[in-house]
Amino acid sequence: MNELYIKVNDRDNVAIIVREGGAKEGSTFEGGLVAKEDIPQAHKIALSDIPEGSEVLRYGEVIGHAKEDIKKGCWVNERNVKIREAVPVESLKSSFDHKWTAPEVGLRTFMGYRNADGTFGTRNILAITTTVQCVEGVVNVAVDRIRRELLPKYPNVDDVAALNHAYGCGVAISAKNSEIPIRTILNMSKNPNFGGELLTVSLGCEKLTPQKLFTEIDDRDLVVLQDCKGFQEIMDEIMDKAEEKLERLNRRQREECPVSGLVVGLQCGGSDAFSGVTANPAIGYAADMLVAAGARVMFSEVSEVRDGVHLLAPRTVSPEVLEKLKREMSWYDDYLAGGEVDRDANPTPGNKQGGLANIIEKSLGSVVKSGTSPIVDVLSPGERIRKPGLTFAATPASDFVCGTQQFSSGMTIQVFSTGRGTTYNLRVAPVIKVSSNTALKNKWFDLIDINAGDIASGEKTLEEKGREIFEFIIDVAGGRKKTFSDEYGLYNALTVFNPAPIT
């Protein structure tokens with residue numbers, strides 16, 4: 001019986017091993033290819049001799065050059081592939097007439113929450129915004145009390161969440177790039193999952209004053225700890241003001257809402273070499289379905305887009321969108337250079353164990369989760385999403401930072417692909433986990449929501465899996481299904497992106 005490998009593009013001179021446990025030395029493949037050494041699952045096998053200095057091709061793209069002669073049937077990995085230079089930002093072009101065939105979706109709805117400002121939530125949550133990290137301890141105690149003592153009285157409210165962060169004081173509040181964390185904190189508080197209710201807790205002496213964060217804030221929406229006499233008065237004031245808001249939130253009920261009201265974030269973490277051929281393209285098909293239905297979809301992670309940006313630029317719809325894409329790429333190039341690291345600092349040891357040789361290969365597999373639709377807008381970190389369709393929201397690739405930044409941009413549900421596995425999740429919006437390989441789903445059967453590994457085995461097509469993901473998004477957004485992470489209450493802290501100086 002021949003072993004299986006996956007070759008993505010006719011130009012490729014490498015392919016990835018499918019079988020769990022990998023291919024053993026002497027294993028044969030269709031066409032007479034023989035493995036000359038043991039090669040782990042998801043890692044690359046040379047389909048032909050690759051002389052030293054020659055191009056290594058995957059996805060039809062150059063992922064690097066051979067550091068030494070690589071013989072046909074040998075293992076191709078980060079040790080014998082040298083990364084190439086990044087595509088210059090100034091070379092990016094678009095004709096602004098990207099041709100796209102939208103999948104058929106029809107008129108679809110989900111059971112969501114309508115907001116007065118025309119947005120739609122997937123959850124009904126009371127959020128407490130903090131202006132400074134100093135108040136986190138107090139707010140956490142208050143949230144625990146609200147959850148125990150008040151929430152049972154308001155069954156239509158799903159949860160209470162503290163929007164904690166490490167910003168607000170001890171920072172250069174007006175320095176270059178300080179607008180990023182300030183904008184992020186402000187826009188998190190406006191997320192559609194919070195129903196338009198605002199409750200803010202301030203210490204009273206911080207640099208990020210409530211008035212700097214919100215140009216106009218009512219006393220009914222604000223608790224200043226230094227204005228209170230003792231801890232019990234602090235607790236009473238937070239609890240009293242929280243209950244007023246819970247009473248209003250409790251009047252909200254799920255109702256039929258158009259799928260066009262969804263704001264869906266796409267992210268990947270703990271990726272492997274299967275991610276770009278199973279989970280991510282399947283998510284990309286679901287993204288195309290969402291765009292066809294009129295929804296707002298965002299993908300992110302600048303360092304995981306940078307080496308695939310030449311494939312994205314032709315999909316931009318206008319010169320303005322292309323120029324914004326260039327600016328965000330250049331900003332991040334400079335940001336990394338300032339820290340004296342290059343873009344290849346991104347792949348983790350787990351990524352490399354999963355078969356990814358470098359950031360180029362990782363990026364080429366990452367960008368496919370954006371699907372094939374036109375890119376209608378580009379957001380700077382923390383900006384709110386503006387348009388229906390596909391948007392690139394510039395964020396770091398860190399799971400927690402990306403998730404927080406997407407949430408501040410208005411994301412109300414997220415789809416997250418992984419090949420190695422992660423328990424990352426958000427309290428403020430559901431996160432759907434999609435595994436790139438069946439081995440992970442079998443191991444984490446009660447943590448992974450959807451397995452895309454059956455694409456690699458030929459049991460499902462990308463379209464079938466994409467439609468499965470689309471339907472699961474609607475079910476989770478509408479409260480008909482829960483993710484495993486939500487069932488177990490696995491939640492990570494929000495992590496606001498702050499590139500500004502700390503004093």
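These notebook entries record what I looked up in the structure above.

**Entry 1. Conventions**

I worked on a predicted model, in which local features need pLDDT of at least 70 and side-chain atom pairs count only at pLDDT 80 or more, while totals for chains, interfaces and linings use all residues. I numbered residues from 1 along each chain as its sequence is written, and took side-chain values from heavy atoms, with hydrogens and water left out.

**Entry 2. The chain as a whole**

I looked up the secondary structure and noted 14 helices and 21 strands in the protein chain. Helices (H or I, at least four residues) and strands (E, at least two) are DSSP runs, numbered from the N terminus.

I then checked the radius of gyration, which is taken over C-alpha atoms, against the globule rule of 2.2 Å times the number of residues to the power 0.38. For 503 residues a compact globule would have a value near 23 Å, and the 24 Å of the protein chain agrees with this. Along the principal axes, the C-alpha atoms fill a box of roughly 80 × 45 × 45 Å.

I recorded 60% of the 503 residues as buried. Buried means under 20% relative accessible area, exposed over 50%, and partly exposed in between (1.4 Å probe, protein chains only). The protein chain exposes about 20000 Å², of which carbon and sulfur atoms supply 50%; the areas come from the Shrake-Rupley method with a 1.4 Å probe, and for residues only the protein chains shown count as cover.

For contacts (heavy atoms within 4.5 Å), I considered residues at least 6 apart in sequence and found that 71% of these contacts join residues at least 24 apart.

**Entry 3. The sheet E1-E2-E3-E6**

I traced an open sheet of 4 strands in the order E1-E2-E3-E6, with antiparallel pairing. Its edge strands are E1 and E6 (75–76), each of which pairs on one side only. Two strands pair if DSSP finds at least two bridges between them.

I went through the pairs in turn. Strand E1 (residues 5–6) is joined to strand E2 (residues 14–17) by 2 bridges, and Tyr 5 has Ile 17 as its bridge partner in E2. E3 and E6 share 2 bridges, and Ile 45 is partnered in E6 by Trp 75.

I also looked at the ring of Trp 75: the charged end of Arg 79 sits over this ring, 5.2 Å from its centre. The criterion is NZ of Lys or CZ of Arg within 6 Å of the ring centre and within 35 degrees of the ring normal.

**Entry 4. The sheet E9-E8-E14**

I found 3 strands in a further open sheet, ordered E9-E8-E14 and paired antiparallel. E9 (120–121) and E14 (255–258) stand at the edges with a single partner strand each, so one side of each has no neighbour in the sheet. Strand E8 (residues 109–114) is joined to E14 by 4 bridges, and Met 111 has Glu 256 as its partner there.

I inspected Leu 107, which lies in the loop between strand E7 (81–82) and E8. Leu 107 is exposed, at 84% relative accessible area. Its C-alpha atom is separated by 9.8 Å from that of Gly 294, 187 residues away along the chain.

**Entry 5. Aromatic pairs**

Rings of Phe, Tyr and Trp (its six-membered ring) pair if their centres lie within 6.5 Å; planes under 30 degrees apart count as stacked, over 60 as edge-to-face and the rest as tilted.

The rings of Trp 331 and Tyr 332 form a tilted pair, with centres 6.0 Å apart and planes at 50°. Trp 331 and Tyr 335 form a stacked pair, 5.2 Å centre to centre with 15° between the planes. Both Trp 331 and Tyr 335 lie in helix H7 (residues 319–338), 4 residues apart, about one turn of the helix.

I noted Trp 331 as partly exposed at 23%, Tyr 335 as partly exposed at 33%, and Tyr 332 as buried at 8%. Ring pairs link Trp 331, Tyr 332, Tyr 335 and Phe 497 into a cluster.

**Entry 6. Helix H10**

I found helix H10 (residues 399–408) mostly covered, with 9 of its 10 residues buried. Among the buried residues are Val 401, Cys 402 and Phe 407. The buried residues of H10 pack against helix H2 (179–188) and strands E15 (263–268), E16 (296–299) and E19 (413–418). H10 is followed by Gly 410, whose phi is positive, near 115°.
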